[in-house]
Amino acid sequence: MKHVLIASIAAIAVTTTTMPAFAAPKVGAPAPAFSGETSAGETISLTDFAGQNVVLEWTNDGCPFVQKHYDSGNMQATQTAVNDADGVWISIISSAPGKQGHADAARAQMLTDSRNASPDFVILDQSGEIGRAYAAKTTPHMFVIDGEGVLKYAGAIDDNPSADPSTIEGATNFALAAFQSVAAGEEVETKSTKPYGCSVKYGS
């Protein structure tokens, strides 16, 4: 437990000292448009999913906070819930070459397969263009976009900013709750929260 707490503190320190200052998109306004190449070699755009509810997940497999959600199966369960409700899940890797979590197409696909994850797409954003457009600060950092292209939620996956997997039980999954509200045509109760995790490893 002690080493988990030390890792958590260290990772939090990174996010508070090196977090990039980008203008964040506004919840309730159109989500930033983007196009990106996926691990499958195709180029997708947000506009491709008009009429569908979309979840964006910023990820870095070397981050202990990301590991918390994948090693426990929590991220996979959240992806499955979104998939089952006909939503679109896009994982985005904005780690620059040489930085923690960077992945080429083969490595990104290996991560998906080895973790039994089920994103619909994994975008390789090595330039950081998409991450900067969304002011993505941490891994994970979650966004929910409705079928009209409006940003409905931005922030943390849940309300327990710890790298300890035992804290998942009893935590409120903000991202899933927001998606479910959007899918049901209801108002999202918690629209914005402070993201937690490791800083996104942008290049210069």
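User: How do I read burial here: is Tyr134 buried or exposed?

Analyst: Burial is judged from relative accessible area: under 20% is buried, over 50% exposed, and anything in between partly exposed (1.4 Å probe, protein chains only). Tyr134 is buried, with a relative accessible area of 1%. Phe143 is buried too, at 1%. Across the protein, 52% of the 204 residues count as buried.

User: What should I know about the model before going on?

Analyst: This is a predicted model, in which local features need pLDDT of at least 70 and side-chain atom pairs count only at pLDDT 80 or more, while totals for chains, interfaces and linings use all residues. Residues are numbered from 1 along each chain as its sequence is written, and side-chain values use heavy atoms, leaving out hydrogens and water.

User: How many helices and strands does the protein have?

Analyst: Helices (H or I, at least four residues) and strands (E, at least two) are DSSP runs numbered from the N terminus. Here there are 6 helices and 9 strands.

User: How many aromatic pairs does a search of the whole structure find?

Analyst: Rings of Phe, Tyr and Trp (its six-membered ring) pair if their centres lie within 6.5 Å; planes under 30 degrees apart are stacked, over 60 edge-to-face, and the rest tilted. The search finds 6 such pairs. One of them is Phe49 with Phe121, a tilted pair at 5.4 Å centre to centre and 50° between the planes. These partners come from distant parts of the chain, 72 residues apart: Phe49 is in the loop between strands S2 (43–45) and S3, and Phe121 is in strand S5 (residues 121–124). Phe49 counts as buried because its relative accessibility is 9%, and Phe121 is buried at 18%. Tyr134 and Phe143 make an edge-to-face pair, 5.3 Å centre to centre with 70° between the planes. Tyr134 and Phe143 also belong to an aromatic cluster with Phe34 and Trp58.

User: Which pair of side chains meets in a salt bridge at 2.8 Å, N to O?

Analyst: A salt bridge is a side-chain nitrogen of Lys or Arg within 4 Å of a carboxyl oxygen of Asp or Glu. The whole structure holds 3 of them. The one at 2.8 Å joins Arg107 and Asp61. They sit 46 residues apart, Arg107 in helix H4 (residues 105–114) and Asp61 in the loop between S3 and H2. Arg107 is partly exposed, with a relative accessible area of 30%.

User: And what about the salt bridges of Lys152 and Glu187?

Analyst: Lys152 pairs with Asp146, their closest N and O atoms being 3.9 Å apart. Lys152 counts as partly exposed at 29% relative accessibility, whereas Asp146 is buried at 13%. Glu187 bridges to Lys191, with closest N and O atoms 3.1 Å apart. Glu187 is exposed because its relative accessibility is 59%, and Lys191 is partly exposed at 34%.

User: Which residues does Asp61 touch?

Analyst: Contact means heavy atoms within 4.5 Å. Leaving out residues up to four places away in sequence, Asp61 touches Val66, Gln67, Gly101, Arg107, Leu111 and Arg115.

User: Which residues of H2 are buried?

Analyst: In H2 (64–71), the buried residues are Phe65, Val66, Lys68, His69 and Tyr70. After H2 comes Gly73, with a positive phi near 90°.
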